[in-house]
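Dear colleague,

Please find below the structure for your review. My notes on it follow directly after.

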Amino acid sequence: MDRIVRLASQRAVVIFSTSSCCMCHAIKAFFHDQGVNYAAHELDEDPQGRDMEMTLARLLGRSTPVPVVFIGGKLVGSTDRVMSLHLSGKLTPMLREAGAKWL
Amino acid sequence: MLPATAPLPPLALLPQAFCVVSSSGRPPPLSGGTWAWRVGIGPWGGQGRGWRSWLGLAVVACSLRSPHHHRRVLPLLGGAASSKVWFPFSGVCAPSGHLSSDPELYVEFGLRPAEPSNMNSPSAQFLTSTRMGIYELNKHLGLWRDSFKVDSSQNTGVSTIVKADRIIDQRLEDSQELPGPAEEFDQEANKPNDKISRRLAQNREAARKSRLRKKAYIQQLESSRMKLTQLEQELERARQQGAYVGGSSGDSLVGMSTINTGVATFEMEYGHWIEEQNKQICALRAALQAHASDIELRILVESSLNHYDELFQMKALAAKADVFYLMSGMWKTSAERFFLWIGGFRPSEVLKVLRPKLDPLTEQQVMAVYNLQQSSQQAEDALSQGMDKLQQTLAETLASDPLGASDVANYMGQMATAMAKLDALVSFVNQADHLRQQTLQQMYRILTMRQSARGLLALGDYFQRLRALSSLWAARPREPA
């Protein structure tokens, strides 16, 4: 858990994903198109990845732990949460506040 | 036909009677050999006389002593003394026993057309009849007593016709031609009563018709309800047994009955969904045309949004059953399939189509809708890129060196990976539906109630037209092969 928190605070936008997950790819593409400089951690490439996956799964209450997005060190959620925020227009202010976006 | 000779007891007045007779003795015999009693009734215990000529009172009474004559038709006549017009009526008396002292005495009173020919037949039909027990008669008498004064001068045998009751008038109207003298007396008073009775008849007719309509509607509802419960039972059974083989899934195998169940279930439910959708569209249209209030529109708008939510739930279940089926759009019509994007409509495209229908919009709303459109577009692009990546990795997983040393483990491993990849497809469909749902919710927040109603109507109408187009296309005349 600590590792997750630590990693999450390293950048304005942090995404935990797995290299084979295509939904993770979609989320990354999304932030890229938004002009956000994000940091992605591939849990399948991390030695403690398995534990982190389980922790994240518990945190979200889902079986698939990835992708998980942290903005400004705070947990935002998975793809659907990000999409909802974006459609309601709340994502951009959040990104600006975290310093991930200047436009 | 001899009358009984017993004196008529001062029974009572029947409110529906109107003829009164003088209290003189027997009337002259009438044509046809019948004769009549003329009876008058006075206030009960009034002047102490048994018989009184009385305004607007008549009574039919008879008494019979012998039991086997318990039913006898006595043609009776009464009339107006003032113009010496006789209004014929007749009655049937069916006393059950003795006389007035017997509380069981009933008087059956009726009116019938005054055709002379009728008079002779004891079994003539009576237009109306009423039965009263002796105590009831007393009650009515009491009422009359209050409204009329006893005038001893009436005793001289002059009496007048008074229409005591409108019901009598109706009976008059219903009956056939009245004899001339009576008619000319009553003509004036008949006209407004004509209208009244006609109107009443019309009302009765209308009421009857609406009762029939209501009955038919209720029967229809009942049968639909039964059908619905039957279908729900079938559905439940199909789900449990998994033996329902159906659906248009091309790759259905005999062993994979569970998948077919999911597909078949979805198809059936989707059919119902479409039917309900059509009804809701009509309701929205009607409400908007009728300029319904915001409160009424809200009900329709919210039920419409809930209806879409139901569709997304159904699709989620179907995706678990067979995601390829959902992705193929086989459950949609051909024209809708042309616009398919990850198993459904593309939200930004739909927003573009509907946007002009929502005018006029405020500045703020214009901005909000534009932003929503943009956000949706961006989200869609992200999902599309994810889908492309999925295709790519699936292709890579399946593509192997055909010339290389193929071993079973490798092959199985490949297939396992590919299968796992396909699971991701389910999450993409779910995300796409989530996007559609969020777009609808956001629009509801941006727009006023009326605009939302218009928007939902436009959306539903748009897809209805696509479906109609598909039908036309399917039915188009083909060139002979």
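Across the interface of chain A and chain B, six residue pairs are in polar contact, both residues being at pLDDT 80 or more. A polar contact here is a pair of N or O atoms within 3.5 Å; within protein, one must be able to donate a hydrogen and the other to accept it, and residues adjacent in sequence count only if both atoms are side-chain atoms.

As to conventions, this is a predicted model, in which local features need pLDDT of at least 70 and side-chain atom pairs count only at pLDDT 80 or more, while totals for chains, interfaces and linings use all residues. Residues are numbered from 1 along each chain as its sequence is written, chains are lettered from A and ligands numbered from 1 in the order in which they are written, and side-chain values use heavy atoms, with hydrogens and water left out.

The interface

The rule finds zero salt bridges between chain A and chain B, a salt bridge being a side-chain nitrogen of Lys or Arg within 4 Å of a carboxyl oxygen of Asp or Glu. On the side of chain A that touches chain B, the elements giving two or more residues are α2 (22-33) and α4 (79-87) of chain A; α2(A) gives the most, with seven residues. Helices (H or I, at least four residues) and strands (E, at least two) are DSSP runs, numbered from the N terminus.

In total, 16 residues of chain A and 22 residues of chain B take part in the contact, which is defined by heavy atoms within 4.5 Å. The buried area is about 1600 Å², with 67% given by carbon and sulfur atoms; this is the accessible area (1.4 Å probe) that two parts lose on being put together, summed over both. A:Cys22, A:Met23 and A:Leu87 supply 38% of the area that chain A buries against chain B, more than any other three residues.

Salt bridges

Over all chains, the structure holds 14 salt bridges. One joins the side chains of B:Arg298 and B:Glu302 (3.5 Å, N to O). These two residues are separated by about one helical turn, because they are four residues apart in helix α6 (residues 294-321) of chain B.

Backbone features

Most residues other than glycine have a negative phi, and most peptide bonds are trans. The bond from A:Val66 to A:Pro67 is cis, with omega near 0 degrees, and A:Pro67 is placed in the loop between α3 (49-60) and β3 (68-71) of chain A. Also cis, with omega near 0 degrees, is the peptide bond from B:Asp359 to B:Pro360; B:Pro360 lies in the loop between α9 (347-354) and α10 (363-398) of chain B. B:His291, in the loop between α5 (257-289) and α6 of chain B, has a positive phi, near 55 degrees.

Yours sincerely
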